[in-house]
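Hi,

Here is the structure I promised to pass on.

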Amino acid sequence: MKLRDYQTQAVNAAVNHFRQSQQSAVLVLPTGAGKSIVIAELARIARGRVLVLTHVKELVAQNAEKVALLTQKPGIYAAGLKQKDTDEKTTVASIQSAAKAAHKFHQTYSLVIIDECHRINPDENSQYQQLLSALKEHNPKIRILGLTATPYRLGMGWIFKHHYHGKIGNTENPVFDQCVFELPIRPLIKRGYLTPPKIYDGLSAQYDFSSLVATHCGEYPEAQINNILNHSGRATTAIIDQITQLAEQRQGVIIFAATVQHAHEIMTRLDPQKSALITATTSHHDRDNIITEFKAKRLKFIVNVAVLTTGFDAPHVDFIAILRPTASVSLFQQMVGRGLRLAENKLDCLVIDYAANGYDLYFPEVGFHKPTSKSVPVQVHCPECQFANIFWGLTDNDGDIIEHYGRRCQALIESGTTNEKIQCSFRFRSKACPQCGAENDIAARSCLSCQTVLIDPDKRLQQVLQQKHHHLFKCHDMHFESANNTLTVRYFDIEGNDFERHFKMQTPKQINACFALFIHPHNRTPGILKHTYKSSDDIVKYKEDFRAPDMILLKQSKKHWHHVESFFDYQGRHQTLNSLSD
């Protein structure tokens with residue numbers, strides 16, 4: 001079997017990396033790109049013993065089959081396949097079986113390959129981490145390689161620390177050190193290696209999940225989802241009626257439901273002779289039977305709740321119906337990827353997003369959870385190093401950036417004193433240390449420069465508001481006026497009360513002060529000045545470039561209220577209606 005050019009490139013990237021380094025590495029290949037062939041080739045050329053790990057028996061069998069095609073037949077260690085052989089040069093194992101019997105893998109392995117490696121939990125007590133620790137005891141120099149289509153994990157971010165394209169990944173708890181190869185999905189479709197998708201928003205009806213608020217892990221609470229779905233019965237009926245009608249011209253349909261309750265509701269509207277449901281509680285026996293019937297085309301529909309996004313291969317699937325919200329570009333792409341494998345008499349794959357997630361299949365992963373329902377990935381160049389960052393943001397109808405939510409430049413740059421690569425220091429959004437004035441991340445607990453503890457905003461507000469003559473003004477709107485080259489900014493709260501600030505722009509020093517006190521903190525696109533602001537008239541003309549603060553801390557003097565501090569990107573107990581409704 002001859003490898004495709006990009007598969008050879010992926011193999012070479014891993015080999016070249018491990019010749020120079022013992023750091024763990026990741027290869028990123030889209031669903032359907034043939035990761036199992038890459039794994040098999042690496043197992044063939046490896047000089048020592050190889051252990052291939054994955055999380056489901058279907059992938060164990062698939063990887064073992066491809067290894068046998070390119071080199072000697074591997075051993076299989078998976079209770080689900082009723083095989084426990086570790087005597088061959090290459091062993092393909094399920095992590096569940098291997099972790100329970102780590103002592104059986106006492107041989108010295110030179111390479112561990114982990115398929116669907118985004119599933120690895122960084123917790124040292126997780127199955128993967130415990131097994132890897134045991135393997136390192138036998139060979140401290142063991143090479144660890146992961147393969148995935150989506151190198152991102154909700155609640156954690158990127159699974160790697162550094163990317164070979166020169167950008168930072170996860171600096172806090174990465175599972176892998178380096179991403180050494182990544183292949184986008186577009187060229188695979190263009191070259192005919194994957195089925196072309198036809199992606200539409202809901203054609204007859206859609207769910208409105210725009211009011212959902214993601215947790216700090218980037219996930220939507222099930223209770224919130226069910227509450228919306230309980231009032232969307234008509235939408236569900238219209239959606240399933242349309243899916244049933246469109247499915248008449250399709251070979252196989254996968255429906256991604258939002259919750260188990262939602263999945264059961266969907267099942268009541270489908271033909272029971274042609275459909276089946278798989279959830280996390282479905283027994284292995286029933287799951288195997290359902291998948292077998294579906295692959296044999298005796299079932300037309302499989303309804304599932306977050307269990308068929310990875311490790312499931314049914315090439316004839318040509319209709320993906322997404323009825324669940326997600327804050328992850330990666331998860332959306334995983335769902336679509338279930339329908340992109342090539343198959344006989346399959347010209348395209350119909351994908352309908354009934355949850356209005358708003359993603360494009362070719363969107364890059366951002367590395368942070370989606371902050372608002374209207375956010376899309378936007379490219380923002382760093383004004384210091386010119387690196388093209390990808391952040392969440394908002395765009396207008398022409399695709400121009402209205403606002404972005406990036407905090408710090410993601411570029412890796414050469415250190416001035418060592419040969420090591422370090423993260424660019426430019427911060428698009430920051431908070432100043434009151435002790436030394438250094439810029440810190442808006443969520444930092446201590447100053448990076450002087451280690452001064454940065455008081456939590458809520459704690460500080462509580463202390464200040466206990467004092468007399470202080471008021472917390474919660475902004476609802478912001479208006480501008482210009483007269484005699486003086487800018488007047490009027491802030492309004494929900495009850496119509498207002499507070500004014502005035503900025504003269506008659507001299508260069510006054511213009512600089514306006515930049516520092518107003519333009520810079522209120523700019524909706526930090527790091528990007530969309531226009532030139534030389535006068536107060538310019539600011540009024542381009543008023544859409546600026547955002548109102550969430551809150552303003554005021555202090556009363558004898559005659560007036562004075563500005564003390566403005567709060568942007570605030571999340572806490574004093575949260576405003578504006579920030580909750582973004």
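This is a predicted model: local features need pLDDT of at least 70, side-chain atom pairs count only at pLDDT 80 or more; totals for chains, interfaces and linings use all residues.

Let's begin with the UniProt record. An unreviewed entry there lists residues 16–169 as "domain: Helicase ATP-binding". In the model, that stretch is 31% helix and 29% strand, and its end C-alpha atoms sit 21 Å apart.

Next, a pair of helices. Helix α1 covers residues 5–20, and its axis comes within 10 Å of the axis of α2, crossing at roughly 45 degrees. The crossing of α1 past α2 is right-handed. If you want to see which side chains to click on, Q7, A10, V11, A14 and V15 are the α1 residues that meet I37, V38, E41, L42 and I45 of α2.

While you are in that area, look at S36. This serine lies in helix α2, which runs over residues 35–45. Is S36 buried or exposed? Its relative accessibility is 7%, and the cut-off for buried is under 20%, so S36 counts as buried. Leaving aside residues up to four places away in sequence, S36 touches Q62, N63 and K66.

Now the salt bridges. The count comes to 16, and here are some that I looked at:

- R407 and D441: their closest N and O atoms are 2.9 Å apart. This pair links distant parts of the chain, 34 residues apart: R407 is in the loop between β21 (401–404) and β22 (412–414), and D441 is in the loop between β25 (439–440) and α12 (457–465). R407 is partly exposed, at 36% relative accessibility.
- R269 and E265: the side chains meet at 3.5 Å, N to O. R269 has a relative accessible area of 31%, so it is partly exposed, and E265 is partly exposed as well, at 21%.
- E414 and K421: here the N to O distance is 3.7 Å. K421 is partly exposed, with a relative accessible area of 45%.

There is also a network to look at: E481, R490, D498 and E500 are joined into one by salt bridges that share partners.

Cheers

Methods. Residues are numbered from 1 along each chain as its sequence is written. Side-chain values use heavy atoms; hydrogens and water are left out. Helices (H or I, at least four residues) and strands (E, at least two) are DSSP runs, numbered from the N terminus. Buried means under 20% relative accessible area, exposed over 50%, partly exposed in between (1.4 Å probe, protein chains only). Contact means heavy atoms within 4.5 Å. A salt bridge is a side-chain nitrogen of Lys or Arg within 4 Å of a carboxyl oxygen of Asp or Glu. UniProt positions are given in the numbering used here, feature names are shortened, and annotations may be inferred rather than shown by experiment. Axes are lines fitted to C-alpha atoms, for helices over the stretch in contact, and angles run from 0 to 180 degrees between N-to-C directions. A crossing is left-handed if the near helix is turned anticlockwise from the far one by less than a right angle, and right-handed if clockwise.
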